[in-house]
Amino acid sequence: ILKYTLDTLKKTGWERMKRRHRESSVAITEAYRYLGMKSLSLRPASSVQAMKVAPGCDSSSFIEKLAKRYGVVIAGGQGELKGKVIRSGYTGLYSGNTLSLAVRAIGELLQAEGYAPEFESALARMEPLAGQKDIF
């Protein structure tokens, strides 16, 4: 699989891949903000993001429900951040539509849990990624 990945990266081009990472990072970070979450980092990475969940929301049980109800798999916090953050990756290997589906699932679950995120605004932040295709 490593050879296939490296061949795909070579074919796609490093600069294009980095641009996809940056575009995904900006869109996801802004969408999460509209869903009531805040970046844990002052300078978010372009491949993974840790977001503080809304006060009173236990991210561990939220992540479980997200996987069971929607099939969306994200990670939680570790150590002192357990139950307080979610972590998601968007390494540019997924299409914008795939990432938008994850944002939609997170927003729907937040609404079902009694939080009032700015759902439509979050989805609008994902629109710039609509033309992206899965690389693999």
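Colleague: Which residues does Gly107 touch, not counting residues up to four places away in sequence?

Modeller: A contact means heavy atoms within 4.5 Å. With residues up to four places away in sequence set aside, Gly107 touches Leu35, Pro117 and Phe119. Please note that this is a predicted model: local features need pLDDT of at least 70, side-chain atom pairs count only at pLDDT 80 or more, and totals for chains, interfaces and linings use all residues. Residues are numbered from 1 along each chain as its sequence is written, and side-chain values use heavy atoms, with hydrogens and water left out.

Colleague: Is Gly107 buried or exposed?

Modeller: A residue is called buried under 20% relative accessible area, exposed over 50%, and partly exposed in between (1.4 Å probe, protein chains only). Gly107 has a relative accessible area of 0%, so this residue is buried. Its place is in helix H4.

Colleague: Which other residues of H4 are buried, and what covers them?

Modeller: An α-helix has 3.6 residues a turn, so residues three or four places apart point the same way. In H4, the buried residues are Gly96, Leu99, Ser100, Ala102, Val103, Ala105, Ile106, Gly107, Leu109 and Leu110. Their cover includes helix H2 (14-34), helix H3 (59-70), E4 and helix H5 (119-126).

Colleague: How should I read the span of H4?

Modeller: The expected span of a helix is 1.5 Å times one less than its number of residues. H4 covers residues 96-112, and its 17 residues should therefore span 24 Å; the end C-alpha atoms are 24 Å apart, which agrees. Helix H4 is followed by Gly114, which has a positive phi, near 95°.

Colleague: Where does Ala112 lie, and is this residue buried or exposed?

Modeller: Ala112 belongs to helix H4. Its relative accessible area is 56%, so Ala112 is exposed. From Ala112 to Leu81 the C-alpha distance is 24 Å, at a sequence separation of 31 residues.

Colleague: What can be said of Ala67 and Gly89?

Modeller: Ala67 lies in helix H3 and counts as partly exposed because its relative accessibility is 33%. Ala67 and Gly36 are 31 residues apart along the chain, and their C-alpha atoms are 20 Å apart. Gly89 is found in strand E4, residues 85-89, and is partly exposed at a relative accessible area of 43%. If residues up to four places away are not counted, Gly89 touches Ser47 and Val48. Gly89 and Ser25 are 64 residues apart in the chain, yet their C-alpha atoms are separated by 9.0 Å.

Colleague: How many helices and strands does the chain have, and in which pattern?

Modeller: Helices (H or I, at least four residues) and strands (E, at least two) are DSSP runs, numbered from the N terminus. This chain has five helices and four strands, and they follow the pattern α-α-β-β-α-β-β-α-α along the sequence.

Colleague: What does the radius of gyration say about the chain as a whole?

Modeller: The value is taken over C-alpha atoms, and the globule rule is 2.2 Å times the number of residues to the power 0.38. For 136 residues a compact globule would have a radius near 14 Å; the chain has 15 Å, which agrees. Along the principal axes, the C-alpha atoms fill a box of roughly 45 × 35 × 30 Å. Of the 136 residues, 40% count as buried. Among contacts with a separation of 6 or more, 69% come from residues 24 or more positions apart.
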